[in-house]
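Open the model in your viewer and follow the stops below. Each stop says what to select and what is there.

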Amino acid sequence: MGLKFDNSGVAALIKNNAKTLHANEVTSSLIGYAKRAGVTQLASGALAVTTGEFTGRSAGDKFIVKDDKTNDSVWWDNTNAMSSEQFDLLLGDAVEHLGTKKQVFLQQLFAGAEPSSRYQVEVFTPNAWHALFIRNLLICPSEVDLNGFDANVTIVHAPDFNADPTRHGSKSKTCIALDFSRNIVVICGTQYAGEIKKSVFSLFNYHAPDNDIFPMHCSANVGSENDTTLFFGLSGTGKTTLSASSDRALVGDDEHGWSETGVFNLEGGCYAKAINLTAESEPEIFAAARHAGAILENVVVNKETNEPDYADSSLTENTRIAYPLEAIPNRVDSGTAPIPKNVVLLTADAFGVLPPIAKLTKEQAVYYFLSGYTAKVAGTERGITEPVATFSTCFGAPFMARNPVDYGSMLVKRLADTGANCWLLNTGWSGGAYGVGKRMSLKSTRAMLSAALNGDLDNAEFRIDEVFGLEVPVSIDGVDDVILTPKDTWADKQAYAKTAEKLAQLFEGNFKKLGLDGSDYAAGAPSKKS
């Protein structure tokens, strides 16, 4: 029989049935419990964990409860529906399963740095390292806040419990099910920790627009002039890397809200990609990975030195590090920032034809935001073994519960109200498509970004890209001029023209798929005049 409880009822049942409940254990205690469970601790104090069969998100196994609240508000073309009855059965079985475990860890945490908009989240999990993971990623309340903690989100994390498609309506043993009416989440059949944090983001994405808050899959930082920059982009495009900069204070690396008064981080930590991490290329993240209590997920550890080998992708390309923001010295402690001055849309163009940087009109900004084009990087999701051109609307379709136009209209309003500058920054391939060309160097990308943010491009000379209609700077200090014109980097100019036209057609086809071709949102489409 399924549970019919609300958050408090579910939490009370888990607490009462747990053989041993560890509530709000601090980092040092969680490290001890994790080590006793067999987790490896490195010399730095960080923990190294593996997630077994699943080393990325199981996007196809995500379900939303279809009820009176969600029936007309959820973008059902983008997700799986589950009935309330099926969810209640899954919830009841997962709760019962937790009652069989030797111990259950409870973390009571905030999601949202802005007090008026935050969620009070309770996460129940049988694993100490998963408890530490989410403690790193969300915001730890003070003792005073804990005394008055009133949870309005409950996450039941049962990674070694398998869903039953016949009984629960799932597709497989893996299931991530969200009930937006009660704000209860069940995660089962996967050890991959990213599912916990992304379930919180999915809840936020659904509810935030009702409160006139624009939910964003983006990172954010602030410069010395108190100027805020947002970085939209999918995993692997450089969101975390580019926002963690020595000359700008980090607000957050992944999930934010934009209200009429400013920007706030949903989280209190970072979940950075670790593949090929070096102290030279990403010094802030490299240092954070040595923070006591940081979680190195699926990073191969050298057995002789007990040190991580970030170049080893034998487990997955999607190696990750989860660490609290306190591990980044140059950060915004409040997790809040002023209204953005710059909005950067990141993409990793596997075709090698998009310019490395372009200044966008407001129409183009909304078009590319709704398109969400990039190359899906190997290992980020199951079944992806090499970069593949893809479109993920709003740069985060798996987490966007509402129709894309709901979010697009919010971006239109925010840009109109603030006059923020908008940029397209391509961290993908130059000199040819994937397999022929090379990935853009981080040094060049940083130089282009710096020029955009510090005002060097305000009076620069621009050309109009003949295919995509984008304004592209002719020259940037510290960047080879040839790189700024993709066509000039290709040995075969006819192949470039054919490939560029192909990508333009893919953009057009994607907008048709979204039902937005011919709409006002299509005003920023490629000109296709090759």
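Select the eight strands that form an open sheet, ordered 1-6-7-8-10-9-4-5, with mixed pairing. Strand 1 (21-23) and strand 5 (80-82) are the edges, each pairing on one side only. Neighbouring strands here are turned by 20° against each other on average, direction ignored. Strands are DSSP runs of E, at least two residues, and helices are runs of H or I, at least four, numbered from the N terminus. Two strands pair if DSSP finds at least two bridges between them.

This is a predicted model: local features need pLDDT of at least 70, side-chain atom pairs count only at pLDDT 80 or more, and totals for chains, interfaces and linings use all residues. Residues are numbered from 1 along each chain as its sequence is written, and side-chain values use heavy atoms, leaving out hydrogens and water.

**Stop two: strands 8 and 10**

Select strand 10 (residues 184-188): five bridges join it to strand 8, and the two run parallel. Ile155 stands opposite Val185 in strand 10.

**Stop three: His157**

Now pick His157, in strand 8 (residues 153-158). Buried or exposed? His157 counts as buried because its relative accessibility is 0%; buried means under 20% relative accessible area, exposed over 50%, partly exposed in between (1.4 Å probe, protein chains only).

**Stop four: helix 10**

Move to helix 10 (residues 362-371), mostly covered, with eight of its ten residues buried. Among them are Tyr367, Tyr368 and Phe369. Just after helix 10, select Gly372, which takes a positive phi of about 60°.

Conventions. Axes are lines fitted to C-alpha atoms, for helices over the stretch in contact, and angles run from 0 to 180 degrees between N-to-C directions.
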